[in-house]
Amino acid sequence: MSEVKAGRFWGNFPALLPLLAPFLVFWAIFWLMPLLGGVELAMEESPSLIKTEPSASTGFNNFLRALEDAKFRHSLENTAWFVGGTLLVTLALGFFLAAFIYRMKRRYQGISLFLLLIPSLAMPGTLASLFYLFFHGKSGALNQFLVIPLGLEPVNWMMSPAWILPCLVAQAVWRWTGLLTLLLYCGMRAIPRWQFEVARIEGASSLAMMLGILYPGVRHLLLFGGVFLFIDGVASFSGAYSLLGGSGGVMDAGLLFVTYVYQVAFPGGGGRFDLPLASAMCALVASCSAICGFFILRLRKSGALRG
Amino acid sequence: MRYLISRIFVGLVALITLYPFIWMVLSTFKTNREIYQPGHLLPQSFDPFAYRLLFSAELIDFYEVLARSILLAGGQAFFACLVTSATGFALAKGDFRGKSAVFLIALFVILYPRQAMSLSLFEWMAQMGITGSLSGVLFSGVASGLGVVFFSQVFRKVPDELIDLAQVEGQSPFGCYLTLLPLVLPALITYGVLHFLLAWQDHLFPLLVLGAEQLTLPLALAKLADSSHRIPEAVGLAAGVMAMLPLLLLFGYFFRRIRTALSEWVVS
């Protein structure tokens, strides 16, 4: 047994097993086994290619097929734009909102945060319905308040390939900004007050305090929020599925990665029922995004996710 | 002056964010014709026909859908709190070989997108013969990496003297965890509510695993948003309002505690 430090529990694993075992058991059953099963499935022969036994292994053939699939690459490109756009806008808007709420009188802070949080509480399907019924269309809010007043022709947002992806980004930004603002505001509240007092004595402007004190104070939370939005964006399904009815929209302009995987896997989507290929796609993308997220987190030296 | 600029900016964003929801609530009393004119806010009459139709079980059994979603999201949040807080406690207050490995596992559970696992999880559950069972959906989300990381930081702030005291009294690590659990009640509530939110909104996995007769709220909303327009749009919007209501109540009631717990968490 290793030396026990003050305020620390027994140095052996078995003593802590009652605390660790439930998590490890659930993790093994519902995460590790499906993960390994998914990799195994990705190496099986696809139903459309079956010539011998249904479960014959094809090695990495399905991974190569995935990479050669132009529609898969297109869905990845769309997903990258979707994730990038959502990240940039949500992080910037969340930061400025949190900074402005932090500067407000305390009695207004709670209510402002709660009101901004409301879209996060709505189902992605509800946001999609609202987008379709309220914002979309010739008489929708976007055309009425943004396009027509500028003397431009009304835009058919969901039928125009150039606008489908920005609409999906707007929906994601609408959903997550409030939650991120709350997190960043909590981070700003934790910054010692004396830093602001010193800056004020030295005559620092509001902008200088925002960039010199607030931003460094919540940088680790911006990174954490960024990783969360990145993972959520890569795996985004419900909003696009509800808005585009399970398709990728006109010319697949809104086809995201998970929607395409669903189309490949189930006949209701694209009629292909190709689970091995869909598994290979999932394994490829999820592994890459997990490794990316891991290295992004390793970049930071201290903060919310240190072990 | 600086208060004024802040208020105007936040007020403007809040208005743009919230106006569609006010419109949504009022549109649950509108006919399709009124809804397709989004410039009009108020309905011609406040006839709650959409709510009557929604709860009449003519289209879907909405009571059952609501109960199923509450059971799944509530059950998953409850078990996730128990399981991940125990692991978080062990990581925060235990020194053991393999600690880094457990933390790394939790981190990769966060980083590996769950939706990308849904397909293989669906296959795995089919092999185990639990496809279509609510318990399969409920327990699949219990091992939350975010929960482990969150609680490990929460327990790190619990004074070490309490652990020393527990050891002097001969308590086991598990006994000590149970004793200290009430001290982190705000964190338990915060994580529970956040996990409930994510489980409540989960769409893909229930779509794959549960049958057409076992709808959860996201699936019911997708069904009610009928592209053939046979179902009045107001019914789908009413379902959206009803789906938001439990979360609004939960967040409204616990909001102060959530803010406090998050403020303490972000500095750890």
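**View 1. Secondary structure of chain A in the predicted model.** Chain A holds 12 helices and 0 strands, with helices (H or I, at least four residues) and strands (E, at least two) taken as DSSP runs numbered from the N terminus. Its elements, read from the N terminus, follow the order α-α-α-α-α-α-α-α-α-α-α-α. Of its 307 residues, 46% are buried, a residue being buried if 20 or more other C-beta atoms, placed from the backbone, lie within 10 Å of its own. Among contacts in chain A with a separation of 6 or more, 68% join residues 24 or more positions apart; two residues are in contact if their C-beta atoms, placed from the backbone, lie within 7 Å. This is a predicted model, in which local features need pLDDT of at least 70 and side-chain atom pairs count only at pLDDT 80 or more, whereas totals for chains, interfaces and linings use all residues. Residues are numbered from 1 along each chain as its sequence is written, and chains are lettered from A and ligands numbered from 1 in the order in which they are written.

**View 2. The contact between chain A and chain B.** In this interface, 87 residues of chain A are in contact with 87 residues of chain B. Helix 1 (residues 13–42) of chain A supplies the largest share of the chain A side, 18 residues. That side comprises 60 nonpolar, 22 polar and 5 charged residues, where Ala, Val, Leu, Ile, Met, Phe, Trp, Tyr, Cys and Pro count as nonpolar, Asp, Glu, Lys and Arg as charged, and the others, Gly among them, as polar.

**View 3. Packing of helix 8 against helix 11 in chain B.** Helix 8 (residues 145–156) and helix 11 (residues 185–200) of chain B pack at about 165°, their axes 11 Å apart; axes are lines fitted to C-alpha atoms over the stretch in contact, and angles run from 0 to 180 degrees between N-to-C directions. The two helices are therefore roughly antiparallel, the term for angles over 145 degrees. Helix 8 of chain B meets helix 11 of chain B through B:G147, B:F150, B:F151 and B:V154 on one side and B:A187, B:Y191 and B:H195 on the other. By class, the residues of this contact are 5 nonpolar, 2 polar and no charged.

**View 4. Packing of helix 13 against helix 14 in chain B.** The axes of helix 13 (residues 217–224) and helix 14 (residues 233–266) of chain B come within 9 Å and cross at roughly 165°. Helix 13 of chain B is therefore roughly antiparallel to helix 14 of chain B. From helix 13 of chain B, B:L217, B:A220, B:L221 and B:L224 meet B:V235, B:G236, B:A239, B:G240 and B:A243 of helix 14 of chain B. This contact has 7 nonpolar, 2 polar and no charged residues.

Notes: Angles under 35 degrees count as roughly parallel, over 145 as roughly antiparallel, 65 to 115 as roughly perpendicular and the rest as oblique. A residue is buried if 20 or more other C-beta atoms lie within 10 Å of its own, exposed if 12 or fewer, and partly exposed in between; C-beta atoms are placed from the backbone.
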